[in-house]
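Welcome! Here is a short tour of one structure, from its overall dimensions down to a few of its parts. Please have a look at it before reading on.

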Protein chains: 2
Amino acid sequence: MPTEDLAIVAGRSIIGFSDANQGTESTRAVDPSTGQELDPPIFSATSEEVEKAARLSEQAFLEYNQKSGKERARFLYEIADQIESLGDALTQRAMQETGLPEARIKGETARTTGQLRLFASVAEEGSWVQARIDTAIPDRQPLPKPDVRSMLRPLGPVVVFAASNFPLAFSTAGGDTASALAAGCPVIVKAHSSHPGTAEFIGQAVRAAAEKTGMPDGVFSLLFGGGRTVGSALVTHPAIKAVGFTGSTAGGTALMKLASERPEPIPVYAEMGSVNPVVLLPKALEENTDAIASGLHVSATMGVGQFCTNPGIVFVEKGETGDQFIQDFSDKMRDTADQVMLNASIRSAYAAGVEKLDANARVETLVTNSSDTSDSTCLGSTAVFAADAETFLEDDSLSEEIFGPGTTIIRWSEKSELLQLLEKLEGQLTGTTHATDGDLAAFPEVIAVLERKVGRIVYNGFPTGVEVCHSMVHGGPYPATSDGRSTSVGTHAINRFTRLIAYQASPQSRLPDELKDDNPLGIHRLVNGALE
Amino acid sequence: MPTEDLAIVAGRSIIGFSDANQGTESTRAVDPSTGQELDPPIFSATSEEVEKAARLSEQAFLEYNQKSGKERARFLYEIADQIESLGDALTQRAMQETGLPEARIKGETARTTGQLRLFASVAEEGSWVQARIDTAIPDRQPLPKPDVRSMLRPLGPVVVFAASNFPLAFSTAGGDTASALAAGCPVIVKAHSSHPGTAEFIGQAVRAAAEKTGMPDGVFSLLFGGGRTVGSALVTHPAIKAVGFTGSTAGGTALMKLASERPEPIPVYAEMGSVNPVVLLPKALEENTDAIASGLHVSATMGVGQFCTNPGIVFVEKGETGDQFIQDFSDKMRDTADQVMLNASIRSAYAAGVEKLDANARVETLVTNSSDTSDSTCLGSTAVFAADAETFLEDDSLSEEIFGPGTTIIRWSEKSELLQLLEKLEGQLTGTTHATDGDLAAFPEVIAVLERKVGRIVYNGFPTGVEVCHSMVHGGPYPATSDGRSTSVGTHAINRFTRLIAYQASPQSRLPDELKDDNPLGIHRLVNGALE
């Protein structure tokens, strides 16, 4: 399909290979840098259209779950190609809808296509299904041993709630969609109202790829509309077997509740909030005061602080070095120009969080470049707060995520106090420490605590920047995510949308290729306990 | 520890290395073959004792999660040895408490120790942690690639609810306990009131093994007592991070609700109910009428039908062959002597289920050897019912599990009707078909439907007898289990009690051995995408 055909926003949901056309209620995207509404109107899907998409995904599953890994890979590679062919039309629309700079949108597009191709390669290679074979021993005493073989198989249709803060990489064809499609699950995306045009461009690319590679009608749908009509209806629909979500704790926990109260409860993979603690240990801080201050400043302000892995709380030892560091970091934060945030609601939530800490008598305000919150451009300003350990331990509000470029520094005076502070933390996506070998030898408990609290431990770096690779874990204990056993970034993410199935005494011809004696796919398998 | 020291039932909960001694309320085990109460009284744990066990497990986790796989393996091997050293004292007590015959108790003991040794071997070998390494590319453009490594790590303390129907293999040191301990999680077992003496014998064996192999106090506790004081208190305790359960749907769903409503929701792995459909396809039935009738009879009456995988519903084509089969099977069921069921409540639930179907005007009663339900010996009698497809489709009560030796036969007349029947089924542990190659070619949809409904597909066999091996899946979509992504039998079960943790840019010396460059454990790992 030539680029020109794709590069038009119709404002209509995509239901399999058809466009939705029933909706009459509409909203518009807003350019956060100007406050101006964008064309065209975006029509909400109706209840009937939601029902249609769900039923179509259920039908599509019957065919899609029988596609080979290589066929699914072709589909995913083609989605990546189609997205690239969108070119500048996509970039411009995404910039308009999010206020993000061109380099970021282009980088995120590359990350999104890279991610699709990574999952395609995993599906194509095929070993990810954890194939296991235990062969029969008919004359075993006291009972014969049967032939048993098992592998991961797709769960069924998946609903993906797109994130606001990554309009591409965690949105319509982001990590959740890519991993679910790679696993063999049809996907229905609930578009984020903050970037509907971007969502539709990508949705059209996915649809074009599905048609071109012979995937069933309904393997992918994209629905516009509100939480109740579209979101809740999808999560409670019997055809749906799992949910992926990236967003607020309130949104994620609401979906968890809906999913657990269904007649058939289903898994929800919600990536919610995290303050991403950074622990600065004494020698490392002394040796690298400047570099740590600079690195933290870059990490804390990247994307106007609108990253799930934004370093929100920093633990610094009391004393001269710590004071110097706090001074340096605060200076850099104070000198940072306001930047456009993603949308008005993120900006007002951020402003409220900053205001609350600013008004807290036990919290010291080191930086607030309070931009005028009444203007129509969604500007976000940096903020730095400081408090002592006692305050942090007593006042839970200091542990709350402030989504934006705000950082809270907590001063500690001895190891036992630092450990108490860390023990107070809830589940986190990441935990970072700056530490020399000597620090790590003197503070081994810091890593031991973080291992119980976080999904990823970062040494001498910063938590922003989530590498898409086989070993990445972008997860963490509740409330960072709904399910700390999983990751939403990296190839492990495919496992979320699967379940184990065993085949006992199956004829060879009826086994999936992954489990046949002659291993036609040439994948790694555990055969009678030995990896081959 | 010599056998004589262990072979005494004290009737007291085990809290780490100590005995509980606060409880004043007590119950007694009952011999279901006589209705007689057994000595000694079994004292319920108090709320303080539950709290103590939970806090002790939390403390033990700090040390136990740092034990190497080889150390955990030594612990599990020693548990198996200690159980074997219990010898006849264990067998006799288990027989008294359950009414199960000696061969079954000895077989189940062997299965339990075999299971412990299998999980020990998995922990010892070490590759199960799914170690992944992606090495750094410092000069990658546009951004450096960091070194990221990840593996599965233990979740934290686990509560295991012992099952009534497997007093050893799914009880105190059964599959849930073995897999959680192998993963690195301390375990608190809530004993089943049906076999407390057996539970205590095994609990003493686990404690002796923990002491002998240098495990921390609190790595294992065994609590007696009621659901509210002990069960609910454990599931809602903040120290507890996962739950394993085998039992009724009512019990399992109650735990799911408790766990999902905690401030920090935790996973519940509940194996609940299943009717384990058996689909007899025409040619296979014609060729093997006798053998299928005999095999089904053995499977349906094994353990007085008290197996989760008991074949409860059989789909048979209308016609002469089907009638002959039903006749043969019914004759065998009618000629089966009553056997002692596990306890009075299982027996009365079974009797109620049989009565309900017997009273259903649309259901034909082919066999009811109704034993006198008022006597004090817990006898269970076989039952066979039959109904047509329409009745099964319209009356949900026919799909309900009857835990005991009762089988319902549903007659179907054409393929589309059979598929409708199968589509009506909820999630199941198993689905069985008897089918020739010709049958499978003519009815490919049968397997396709079962793949969406069950955890294990059995060809030309019977679902009872769950092989403990690497590829076994003893799980299945809700309501067969709370979490169809998991299995409670086989080595995959270890994964339930883990979560992924990534280490970014960690110094070599601080990495777990599983992730060090020189691979000191010699395990299989995915290094830069290639399995080594």
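## Overall dimensions

For 532 residues, a compact globule would have a radius of gyration near 24 Å, and chain A agrees with this at 25 Å. That radius is taken over C-alpha atoms, and the globule rule is 2.2 Å times the number of residues to the power 0.38. Along the principal axes, the C-alpha atoms of chain A fill a box of roughly 75 × 65 × 40 Å.

This is a predicted model, in which local features need pLDDT of at least 70 and side-chain atom pairs count only at pLDDT 80 or more, while totals for chains, interfaces and linings use all residues. Residues are numbered from 1 along each chain as its sequence is written, and chains are lettered from A and ligands numbered from 1 in the order in which they are written.

## An open sheet

Chain A has 16 helices and 25 strands; these are DSSP runs numbered from the N terminus, with helices being H or I of at least four residues and strands E of at least two. Seen in order, β2-β1-β11-β10-β9-β12-β13 of chain A make an open sheet of 7 strands with mixed pairing (strands pair if DSSP finds at least two bridges between them). At the edges stand β2 (18–19) and β13 (268–271) of chain A, each with a single partner strand, so one side of each has no neighbour in the sheet.

Strand β1 (residues 14–15) of chain A runs antiparallel to β2(A), joined by 2 bridges. Here Ile14(A) stands opposite Asp19(A).

## Helices around the sheet

Helix α6 (residues 196–212) of chain A packs on the sheet, touching β1, β10 (187–190) and β11 (220–223) of chain A. Contact means that C-beta atoms, placed from the backbone, lie within 7 Å. Another helix, α7(A), lies across β9 (158–161), β10, β11 and β12 (242–246) of chain A, at about 145° to β10(A). Such angles run from 0 to 180 degrees between N-to-C directions, with axes fitted to C-alpha atoms, for helices over the stretch in contact.

The axes of α2 (residues 47–64) and α7 (residues 227–235) of chain A come within 9 Å and cross at roughly 35°. Among the residues making this contact are Val50(A) of α2(A) and Val230(A) of α7(A).

## Two copies

Note on methods:
Two residues are in contact if their C-beta atoms, placed from the backbone, lie within 7 Å.
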